[in-house]
Amino acid sequence: MPRFAVVGNPENRRVTLFADAVRSAGLPAPRLLAWADVLRDGARFTPGEIVRIDSPGENAEVERLLRGAADPTRVEGTARWYTRFTAAVREVARAASAGGATLLDDPAELAVLFDKRRCHGVLRTAGVPVPESPTSGPGAAAVGSWAEARSVLGAAGLRRAFLKPAHGSSASGVLALESDGRGRFRATTSVELGPDGSLFNSLRVRRYGSEPQIAAIVDALAPDGLHIERWIPKAAQAGRVADLRVVVVDGRATHAVVRTSLSPMTNLHLGGARGDLTAARASVEASGARWTDALAVCEAAAACFPRTLCVGVDLLPKTGWRGFVVGEVNAFGDLLPRLTGLPGSGAEGLDTYGAQVAAVRSTQGKSGTYRARP
Ligand SMILES: Nc1ncnc2c1ncn2[C@@H]1O[C@H](COP(=O)(O)OP(=O)(O)O)[C@@H](O)[C@H]1O
Ligand SMILES: [Mg+2]
């Protein structure tokens, strides 16, 4: 019988939902290691344990330990967060291997997934459709300021672009930028620029039309690393902009939701809502594209991370639902409570966590340990 251990934030519903899925499969409840303890004292594992690394997010103490910022609503500090988090994951992996346990995640892949520039480069090299980007991969020059961002956008001919903190999540610090081609810019973002130049995450998407303000925001974001890519005009559903979150478990697209929004960002906390998947699928087929191709793009993106059991792919449908590009791949993209698997996916009747538990059981060899796919 598989014995699971989870490194996560105990109060978080991700941890609770995964534990529910393990128990529903008739297995002993997972052993829980709290990120706050692991960050301070390290981790220990027992032989044969199967270790799931979950998100360190939404916990003020863990956030303080990783980002060093006392105020969790601040946008800055993601470079330090990245350095500390990836080091902690490497330490968990070392402890797992020393204790004879097996990881469902991989430190090197996680380090790519949490760097939007590297992640974009890996997807592009593998032939996965992605928005054009002047900051893709390790070879691209770093963008250190608004002045540099402006010249990079000009050189790449990008009149409309997304500018994102390289190590960001939940749309924190993301700017949808457009220029009129005559030097006037407009930014749509949830960033709130404080009077002293510090940046705060807000729940309200707002517009900045003055270049000094945009410059102040981008100059404050730049030390944490910036990723820039073409703004893909997305398809619409019932008058709202739409994209898809597709969860891929052990190589297979198992769960999908449509996310719709009135702003260019579809994140749920910014007013995004679940859309109609059946209608989206019909729109894809009606445009002459194929729904199975959309899922295949997500599976190709996930295949770039073969040692990670589960990823959540942000799939951006182009205007008219005629084609797709991958916006990003999320390491912790499986929080879709109560959603059951796609017909024919093998995860029918299971939520995203149940699908992962089932995948681990079906890939367990006679040795009784989980084998990551090659
Ligand atoms: N290149 C793009 N073109 C159009 N929309 C985009 C693009 N990149 C991101 N988005 C939108 O912005 C949102 C946030 O971007 P994302 O890369 O997912 O950042 P985060 O990791 O902060 O969620 C996405 O949900 C998507 O709807
Ligand atoms: Mg996203």
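Figure 1. The arc is that of the directions from the helix axis to the C-beta atoms. Buried means that 20 or more other C-beta atoms lie within 10 Å of the residue's own; exposed means 12 or fewer, and partly exposed lies in between, with C-beta atoms placed from the backbone. G288 follows α9 and has a positive phi, near 95°.

The model is predicted: local features need pLDDT of at least 70, side-chain atom pairs count only at pLDDT 80 or more, and totals for chains, interfaces and linings use all residues. Residues are numbered from 1 along each chain as its sequence is written, while chains are lettered from A and ligands numbered from 1 in the order in which they are written.

**Figure 2. Helix α8 and its cover.** I214, I217, V218 and L221 are buried in α8 (residues 211-221). They lie on the same side of α8 because they cover an arc of only 90° around the axis. An α-helix has 3.6 residues a turn, so residues three or four places apart point the same way. Among the elements covering the buried residues of α8 are α7 (146-156), β5 (160-165), β6 (175-179), β7 (185-193), β8 (199-208) and β9 (226-230). Helices (H or I, at least four residues) and strands (E, at least two) are DSSP runs, numbered from the N terminus.

**Figure 3. The shell around ligand 1.** Ligand 1 is surrounded by 23 residues, the closest being P131, I232, M265, T266 and E328. Two or more residues of the shell come from each of β5, β9, β14 (310-317) and β15 (324-330). A residue counts as near if its C-beta atom, placed from the backbone, lies within 6 Å of the molecule. Domain 2 (146-230) and domain 3 (234-362) each give at least three residues to this shell. By type, the shell holds nine nonpolar, seven polar and seven charged residues. Ala, Val, Leu, Ile, Met, Phe, Trp, Tyr, Cys and Pro count as nonpolar, Asp, Glu, Lys and Arg as charged, and the others, Gly among them, as polar.

**Figure 4. Where domain 1 meets domain 3.** Eleven residues of domain 1 are in contact with nine of domain 3, contact being C-beta atoms, placed from the backbone, within 7 Å. Helix α1 (residues 13-24) gives six residues, the largest share of the domain 1 side.

How values were computed
Contact = placed C-beta atoms within 7 Å. Domains from an automatic or database assignment.
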